[in-house]
Amino acid sequence: MATDTPHTARGGARRARLREQLMQDSRDAAREIIAAGGLGGLTVKAVAGRVGVTPAALYRYFDGKHGLVRALYGDITAELISTVQTAVEHQDADDLSAKLHAATHAVLAWSVAHPGEFSLLMGGGFPEATESGDEIPQTISRELGGLFARLFVELVRRELIDSEVDQDMSEALRRQLVVYQQVVSPRLPLGAISAMIYCWRQIYGLICMAVNHHLAFAFGGDYEALFEEMMADLLPRLGVLPSPKRRYLKVGPEGQILVQTPRGEMVLRNHY
């Protein structure tokens, strides 16, 4: 029986590395296109041109534009979740208010810094993105909602929010919340799910305003004061007060994590 020679094995490993590099380069190129102009400019031909191969070569690794979108959606979602989780981990372990506050700010800051990617995940490009795979419609809710759900579990454990929904809630809304609950956190009580949705509908509105420069004539590009006003309203509804110790994260030019205190001080903490 024939066996692979060391030369054959090395050749196979090299081809695998080249294949992985081409796939990564293609994903990077696709993201650059989306960041610059949204999904409208994303085509296999455009990506192939950027990485220096023929479109036919990319079709061997991606199922056309839909395949590229699926890959990107997963990559970008993972980046956002990592950013928010890092913000949570840089708070004091027992400071639940600071974790909620900083995590929410991380979503806002990341979205403003990546408007094209935000559009893909949960903005104007989302409807087109959902055509690329059955898993996409629930991905961001499951991942981002699931991250916040873990914080809401602690709110429930400390009995800071109600576990049950208001008795006056319509049956139609209750059914919709149950569907959301099954995707995001099946064990989280429906009352906590309702509180999450209450908060998100305000947070999402502010994020969209900031990303799309709505009311820029009044706010310019600075929505920080409006954000803090919103959090000062939302946090007490969750049974906590704004923490004087919350820290916001900013990433330096070399990947350093800079921690901003409420007084505006910037402190170098570590690297990703």
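**Aromatic pairs and packing**

Analyst: Trp 200 counts as partly exposed because its relative accessibility is 28%; buried means under 20% relative accessible area, exposed over 50%, and partly exposed in between (1.4 Å probe, protein chains only). This is a predicted model, where local features need pLDDT of at least 70, side-chain atom pairs count only at pLDDT 80 or more, and totals for chains, interfaces and linings use all residues. Residues are numbered from 1 along each chain as its sequence is written, and side-chain values use heavy atoms, with hydrogens and water left out.

User: What kind of aromatic pair do Trp 200 and Tyr 204 form?

Analyst: Rings of Phe, Tyr and Trp (its six-membered ring) pair if their centres lie within 6.5 Å; planes under 30 degrees apart count as stacked, over 60 as edge-to-face and the rest as tilted. Here the centres are 5.7 Å apart, with 45 degrees between the planes. The pair of Trp 200 and Tyr 204 is therefore tilted.

User: Which helix holds both Trp 200 and Tyr 204?

Analyst: Helices are DSSP runs (H or I, at least four residues) and strands likewise (E, at least two), numbered from the N terminus. Trp 200 and Tyr 204 are four residues apart, about one turn of the helix. Both lie in helix H10.

User: Why is the pair of Phe 227 and Tyr 248 edge-to-face?

Analyst: Phe 227 is in helix H12 (residues 224–237) and Tyr 248 in strand E1 (residues 248–251), 21 residues apart. Phe 227 is buried at 1% relative accessibility, and Tyr 248 is buried at 4%. The ring centres are 6.4 Å apart, and the pair is edge-to-face because the planes meet at 70 degrees.

User: Is Ala 149 buried or exposed?

Analyst: Ala 149 sits in helix H8 (residues 136–157). Leaving out residues up to four places away in sequence, Ala 149 touches Val 184, Ser 185, Leu 188 and Met 196, where contact means heavy atoms within 4.5 Å. With a relative accessible area of 1%, Ala 149 is buried.
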